[in-house]
Amino acid sequence: MSTEPHSSSTSQVLILGGGIHGAAVARELVLNGISVILVDSGDLSAGATSKSSRLIHGGLRYLEYGDVRLVRESLLERGRLLKLAPQFVQPLRLFVPTRQRWSGLLRSALGFFKLARTRIGRRLMGRSERRAPRGFWPIRFGLWMYDLFSWGDGLPRSQGFKMARGGKPSTHEYPAIAPHYRRICAYSDAQMLYPERCVIALLREAEQIAREQQVSFHVQPHAAVRWQSDSIAISQGEGTPAQIIRPDLVVNCSGAWGDLTLNAIDAATIPLFAGTKGSHLVTRNPVLKNALGRFGIYAETGDRRLAFVLPFGDAVLVGTTDEEWIGDPATAVASDEELSYLLTVVEGVFGLKLTRDDIESHYSGVRPLPRTNDTSNAAISRDHSLTEHRLHGVPMITLVGGKLTTFRSVAQQIADRIIRNLRRTRSQSTDHRVIIGGENFPVDDESRNTLWLQWTKEYTTSVEEIAELWPLYGMQISQILRQVSNLPCIPVAGTNLSQRVVRWVIENEWIGTTNPLDDLVERRLMLIFAPNLSLATLKDLAEVLVLCQRLTPDAVGTTIEATRERLRRHYGRNLV
């Protein structure tokens with residue numbers, strides 16, 4: 001899974017962090033003829049990428065803090081991703097329910113013009129205004145700006161409706177929300193169900209480009225990095241020989257681990273991050289699923305925080321919290337208080353009283369936010385910045401902040417700075433480059449279904465397996481099935497997948513050795529959200545890992561038990 005060794009005639013960049021930004025930077029650099037080594041202390045996309053809200057959005061609430069540039073950039077990137085990554089990003093219609101008409105207008109206006117925290121702003125806003133809920137008209141004004149910034153992207157414009165009695169509109173279709181809402185706003189954004197899969201696609205594309213460009217490209221998850229006086233040692237697992245490299249530049253894209261990464265290099269570095277924890281829950285409650293339909297809800301809670309309820313395949317995703325976090329981001333787990341809060345969100349919006357038994361799974365991650373003096377976590381900017389250092393004589397760029405929506409444009413900015421620092425010239429751009437799997441994407445359901453039927457006949461598989469692979473690979477499915485067509489089609493328990501496809505994944509997608517079963521379940525096959533995930537599923541996957549010599553037969557039992565315990569502790573899934 002790597003290209004030819006680094007040549008002394010080419011520049012080499014070491015990327016620390018295998019999340020969405022690290023993968024996108026790798027793609028940008030390789031596309032411009034720069035050799036790359038990407039390493040991560042854990043698995044690929046195991047941090048904030050896999051714990052995000054999975055929205056590709058402009059950031060409507062950012063207008064409340066006057067972050068117009070960030071909203072504009074986000075909306076431009078949303079439009080690009082809908083065209084360049086249709087296998088991962090789909091449009092989503094969201095609704096904002098309101099109870100009052102003009103409430104919060106003064107606060108929103110002062111915030112937009114960055115006057116809310118000035119002396120005049122505090123004088124104009126009384127205590128009641130600061131606590132006032134967001135009304136219908138302040139939201140409509142924000143959505144009109146949203147429409148203006150995203151003009152021409154082809155998505156439906158925003159609308160505003162007055163509710164009919166019983167919470168049902170008289171002429172418009174939208175979720176069946178609680179009757180205490182009087183008006184509702186509608187607008188368009190987008191959703192990326194599996195950003196974990198986008199990371200793998202970016203890296204697989206970078207690997208293909210590297211072969212074409214004849215530059216070196218290596219991806220090493222579960223790796224340890226040790227800094228020496230004039231070089232860097234990279235090792236994977238105990239007893240394995242370390243690879244010694246001397247990169248021309250290092251990029252720190254380790255997200256919420258950013259300060260830990262810098263401290264491991266030089267303990268005297270100034271802290272840059274102060275992340276907050278965001279938790280989400282997944283439920284298959286049929287009443288809620290039916291009430292939500294194919295739409296999303298973006299609603300204000302009783303304490304003026306904003307939360308959402310989103311369609312999530314055949315389930316519903318509810319999020320998010322915004323709690324202060326100190327410690328190792330890998331240990332972040334949704335607390336009882338957070339889960340209770342999210343259940344309260346559902347009750348407030350839909351009038352449905354869900355219980356803990358309705359929660360199928362949950363997840364929690366730490367946002368890599370910048371260290372600021374803001375007392376409100378919600379007020380901390382979701383924008384990004386780049387900090388340059390020189391540690392042990394090696395130039396380094398650290399990404400602080402960043403959001404899922406703008407991963408491509410942020411990576412482009414990082415790559416431009418690297419190219420400039422290395423005194424090279426950019427030769428290619430990703431502005432219009434389709435991410436692998438999105439090429440020749442079907443324009444409608446009929447075209448897609450015709451394609452699926454063609455593949456089932458050509459590769460002797462089922463429509464159900466193709467449907468399960470579709471959100472993971474898009475148009476790359478045919479290439480995968482072609483490569484495994486000579487292998488027997490043995491099913492994996494609790495899924496529609498075949499063991500031959502799992503084998504291809506293990507051999508081509510950088511499955512680690514620490515616990516390869518975790519990598520498969522959580523971030524390659526996305527079975528963490530599968531309704532029928534069971535111990536039998538884990539046993540079948542372990543069997544394929546043994547076949548591929550990624551797991552020894554005597555380690556199967558302990559590996560399955562370790563994965564089972566991790567699923568229970570981190571995701572709330574109890575397998576039987």
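Thr456 is buried, at a relative accessible area of 12% (buried means under 20% relative accessible area, exposed over 50%, and partly exposed in between, with a 1.4 Å probe and protein chains only). This is a predicted model, in which local features need pLDDT of at least 70 and side-chain atom pairs count only at pLDDT 80 or more, while totals for chains, interfaces and linings use all residues. Residues are numbered from 1 along each chain as its sequence is written, and side-chain values use heavy atoms, with hydrogens and water left out.

Thr456 sits in helix α12; helices (H or I, at least four residues) and strands (E, at least two) are DSSP runs, numbered from the N terminus. Beyond its neighbours within four places in sequence, Thr456 has contacts with Thr461, Ser462, Val463 and Ile466, where contact means heavy atoms within 4.5 Å. Its side chain also reaches back to the backbone oxygen of Leu453, at 2.6 Å. Thr456 and Ala23 are 433 residues apart in sequence, and their C-alpha atoms are 32 Å apart in space.

## Confidence in the model

The protein chain has a mean pLDDT of 91, and 94% of its residues reach 70 or more; pLDDT is the predictor's confidence in each residue, from 0 to 100. Residues 2–9 are a stretch to treat with care: pLDDT stays under 50 there, and the model has 17 contacts for them beyond four places in sequence. Where pLDDT is low, the predicted coordinates should not be read in detail.

## The second largest pocket

Now for the open space. The second largest pocket holds about 1,300 Å³. The search runs on a 1 Å grid over the protein atoms alone: a cavity is a set of points where a 1.4 Å probe fits but cannot get out, a pocket is an open set with protein on both sides within 12 Å along at least five of seven lines, and lining residues have an atom within 4 Å of a point. Grid points are joined across faces, edges and corners, and a volume is the space filled by probe spheres set on the points.

There are 44 residues in the lining of this pocket, and Leu193, Gly313, Ala467, Trp470 and Pro471 lie nearest its centre. At least two lining residues come from each of β4 (89–98), β14 (306–312), α12 (445–459) and α13 (463–473). Helix α13 supplies the largest share, six residues. By class, the lining has 26 nonpolar, nine polar and nine charged residues; Ala, Val, Leu, Ile, Met, Phe, Trp, Tyr, Cys and Pro count as nonpolar, Asp, Glu, Lys and Arg as charged, and the others, Gly among them, as polar.

## Enclosed cavities

Across the whole structure, the search finds five cavities of 30 Å³ or more. The largest cavity has a volume of about 40 Å³, and its lining consists of Phe88, Arg197, Ala201, Arg204, Ile436, Leu472, Tyr473, Gln476 and Glu509. Two or more of these residues come from each of α7 (195–213) and α13, with α7 giving the most, three residues. The lining has five nonpolar, one polar and three charged residues.

## Other buried and exposed sites

Ser478 lies in helix α14 (residues 477–483) and counts as buried, at 13% relative accessibility. Leaving out residues up to four places away in sequence, Ser478 touches Trp455 and Tyr459.

Gly351 is in the loop between α10 (336–350) and β17 (359–366) and counts as exposed, at 53% relative accessibility. Gly351 touches Ala178 and Val346, not counting residues up to four places away in sequence. Its C-alpha atom is 9.3 Å from that of His180, 171 residues apart along the chain.

## Backbone details worth a look

Most residues other than glycine have a negative phi, and most peptide bonds are trans. Here, a cis peptide bond with omega of about -5° joins Gly319 and Thr320, and Thr320 is in the loop between β15 (315–319) and β16 (323–324).

Arg423, in the loop between α11 (407–421) and α12, has a positive phi near 60° and is exposed at 80% relative accessibility. Thr460, in the loop between α12 and α13, has a positive phi of about 50° and is exposed at 60% relative accessibility.

Notes:
A polar contact is a pair of N or O atoms within 3.5 Å; within protein, one must be able to donate a hydrogen and the other to accept it, and residues adjacent in sequence count only if both atoms are side-chain atoms.
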